[in-house]
Amino acid sequence: MTGATAIDVSGLTKSFGGRTVVDDVALRVAGGEIAGFLGPNGSGKTTCIRMICGLLTPDAGSGTVLGLDVRRQQRQIRRQVGYMTQKFSFYEDLSIEENLAFVAGLYGLPRQAVRDTLEDLGLTSRKTQLAGSLSGGWKQRLALAACIMHQPRLLLLDEPTAGVDPMARRQFWDEIHARALGGMTVLVSTHYMDEAERCHRINYIAYGRLVVSGTVAEVIAGARLVTLTVQSARPGELAERLRKAPGVGQVEPFGTALHVTGTDRTRLEAALEAEGVTGHPVETSLEDVFIRLMELSEDNMR
Amino acid sequence: MSFSPTRLRALLRKEFIQMRRDRVTFAMMLGVPIMQLLLFGYAINSDPRDMPTALVAPVQDRFSRSIAAALENSGYYRITHPAAGIAEAERLITRGEVSFVVTVPADFGRRMQQGDRPQILVEADGSDPSATSGAIAALARLAEGAFRRDLPAEPASGTPEIVTHRRYNPEGITQYNIVPGLLGVILQMTMVMMTAMALTREIERGTMENLLAMPATPAEIMIGKITPFLTVGAVQVLVILGAAWAIFDVPFVGSLGLLLAGVMVFVLALVLLGYLISTAARTQMQAMQIAIFVFLPSVLLSGFMFPFRGMPGWAQAIGEVLPVTHLLRLVRAVMLKGAGFADVVPQFAALSVMVAVLGALALLRFRRTLD
């Protein structure tokens, strides 16, 4: 499947009760790619993912998922897609093994698939434990196991690592990368910048509209932002004043330093000079880019 | 902290907003009292009148006509089958199509003219004692007054003697009626309520999204959900029947197999009704409320608590679409009257139609997506 387009949809639109949640979104994900899906809360990421896996019918738009029509072949799409929901959605009153056996049964997989999956994801030692008594990290591992057991060609992950410790997150991402190497395409939504940077390409959505997509480097370059770092003994007060200065976009404290970001280097340096400090250029962070994008989208909405 | 009217106002406002947003609860709060008022006020009549009666009179003469007129004038009897044969009358009362069979012997007229005391036999369906007790009590007055006035005053006319016979339940023991009825009502309560939560539980726990994302068809999900409850229902049936037999000494004259078959069709209708509720409700609480909403008429309008024939037409019409109404008829007919399959075909047919309609509606209502 690597190479062929896994997701190719355009014009996706969905509204609930007169409120447009997803507005004319086009999304292309190549086969074998790990695509990041980013955007503020309520920007329509979950709705998009649900439309892609056939859980919601788009009001408008068309396209294909794994070569299948996203509007008419929802059933076939579901068979080949693994979808990990944002909220843990397996049965808390069933054990790990029972949950997996249930899923295996629905996909018509042999019992051996359950044993293999338990082994693969290191769940064997806990297989008789009730899902409800698992910690966040283990729940997430169970959910991942359940969605990849049937060897889907496309994996949709909706904020899979929310509330999971760094160790478990790293293991999770290693697992995702291993699957992608095996040819599985992954679309993952996240709020974490470090996770966004682990993706081959990222797609940023705000207020239901796709704002930008590309590799991390492309997205950062495309934002045309300048970031300067300033050392200060009293960074809090300096930040207060800088935020009101012309030409200054964002001021973010990093310990005793401040990261000052703006669109125009000359004006930014002038603002710092007025405060009697000098800045050194640093790389603009993805977070700064996203916050800028969010502000731009907000302006567009008004 | 001291009492703050401001805080109280904020709390009240929030509670009222939430109450208004929860449409189902709001509708229940207004709907249930109105429904109860209407039911108790108009539908319930523990002294039903105009009950269907078959008249078995081999000789149709002025005597038999006078008796029919006297019975109808009492208000309790309505002669629906004025010239029934003995076998036909037997069938009618077994099936519950008539509540009374009045037999006027062939020699009644002759013996009246001879100044004798000829007998009239009134057989009442005692399987629901409260429904027929008023009509039986009225017979005594008829014998004394009405018959005499109605029967042609002739020289040397005799006085008829009325013999009453409560069929199926000669002592008028109410448990005989209540216990089989409880079978239906208890099943209705538990089955509908349990299945009503089947899907809403999935929705509330967030597992529905996952279930829908996996390849399972609506029919598979439905059958998967209702089958465990069918099993629970079967166990309940055995427990209730066992208790009826062991504790309440309810006589059991009919076929156990036929009874169980009928009850299981009923249980199937109930779990499908519960499942249908489940497809419509958003939360378990709503599902529970709708289940209770359906439960009330099932107790009040099915003939369980109050005689079916005592209800006005509209209430009987509602009763006819409730599964429990048909189950009660079936159970009384089979358990107490020993009815065979041919006698309860209408009940089987009604319950089967309900199963088909409820199953089809549930599948139509089932949302395959989260739209």
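Which residues of α7(B) meet α13(B), and which residues of α13(B) do they meet?

**Entry 1: conventions.** I am working on a predicted model, in which local features need pLDDT of at least 70 and side-chain atom pairs count only at pLDDT 80 or more, while totals for chains, interfaces and linings use all residues. Residues are numbered from 1 along each chain as its sequence is written, and chains are lettered from A and ligands numbered from 1 in the order in which they are written.

**Entry 2: α7 and α13 of chain B.** I took helices (H or I, at least four residues) and strands (E, at least two) as DSSP runs, numbered from the N terminus. For the opening question, I found that Tyr176(B), Pro180(B), Gly181(B), Leu183(B), Gly184(B), Val185(B) and Gln188(B) of α7(B) meet Val324(B), Leu327(B), Leu328(B), Val331(B), Arg332(B), Met335(B) and Leu336(B) of α13(B), where two residues are in contact if their C-beta atoms, placed from the backbone, lie within 7 Å. I sorted the residues of this contact by class and got 10 nonpolar, 3 polar and 1 charged; here Ala, Val, Leu, Ile, Met, Phe, Trp, Tyr, Cys and Pro count as nonpolar, Asp, Glu, Lys and Arg as charged, and the others, Gly among them, as polar.

I then looked up the geometry: the axes of α7 (residues 174-205) and α13 (residues 323-337) of chain B come within 9 Å and cross at roughly 140°, the axes being lines fitted to C-alpha atoms, for helices over the stretch in contact, with angles that run from 0 to 180 degrees between N-to-C directions. The pair α7(B) and α13(B) is therefore oblique, given that angles under 35 degrees count as roughly parallel, over 145 as roughly antiparallel, 65 to 115 as roughly perpendicular and the rest as oblique. I noted the crossing of α7(B) and α13(B) as right-handed (left-handed if the near helix is turned anticlockwise from the far one by less than a right angle, right-handed if clockwise).

**Entry 3: α13 and α14 of chain B.** I followed α13(B) to its contact with α14 (residues 345-365) of chain B, where the axes come within 9 Å and cross at roughly 155°, so these two helices are roughly antiparallel to each other. The crossing of α13(B) and α14(B) is left-handed. Pro323(B), His326(B), Arg329(B) and Leu330(B) of α13(B) meet Gln347(B), Ala350(B), Leu351(B) and Met354(B) of α14(B), and by class I listed 5 nonpolar, 2 polar and 1 charged residues for this contact.

**Entry 4: domains of chain B.** I read the division of chain B as domain 1 (51-167) and domain 2 (174-365), with bounds that come from an automatic or database domain assignment. The centres of the two domains of chain B, taken over C-alpha atoms, are separated by 38 Å, and their contact takes 10 residues from domain 1 of chain B and 13 residues from domain 2 of chain B. On the domain 1 side, α4 (86-95) and α6 (129-150) of chain B each supply at least two residues, and α6(B) gives the most, with 3 residues.

Entry 5: I traced an open sheet of 4 strands in chain A, ordered β2-β1-β4-β5 with antiparallel pairing (two strands pair if DSSP finds at least two bridges between them). Because β2 and β5 (68-69) of chain A stand at the edges, each with a single partner strand, one side of each is left without a neighbour in the sheet. Helix α1 (residues 45-52) of chain A packs on this sheet, touching β1, β2 and β4 of chain A, and its direction makes about 120° with that of β1(A).

Within the sheet, β1 (residues 5-16) and β2 (residues 19-30) of chain A pair in the antiparallel sense over 8 bridges, and Lys14(A) stands opposite Val22(A) in β2(A). Their hairpin has 2 residues between the strands, and I noted that Gly17(A) takes a positive phi near 55° there.

Entry 6: I looked up domain 1 (5-220) and domain 2 (226-283) of chain A, whose C-alpha centres lie 39 Å apart. Another open sheet of 4 strands in chain A has the order β12-β13-β11-β14 and antiparallel pairing. Last, I checked the contact between the chains, which takes 12 residues from chain B and 16 residues from chain A.
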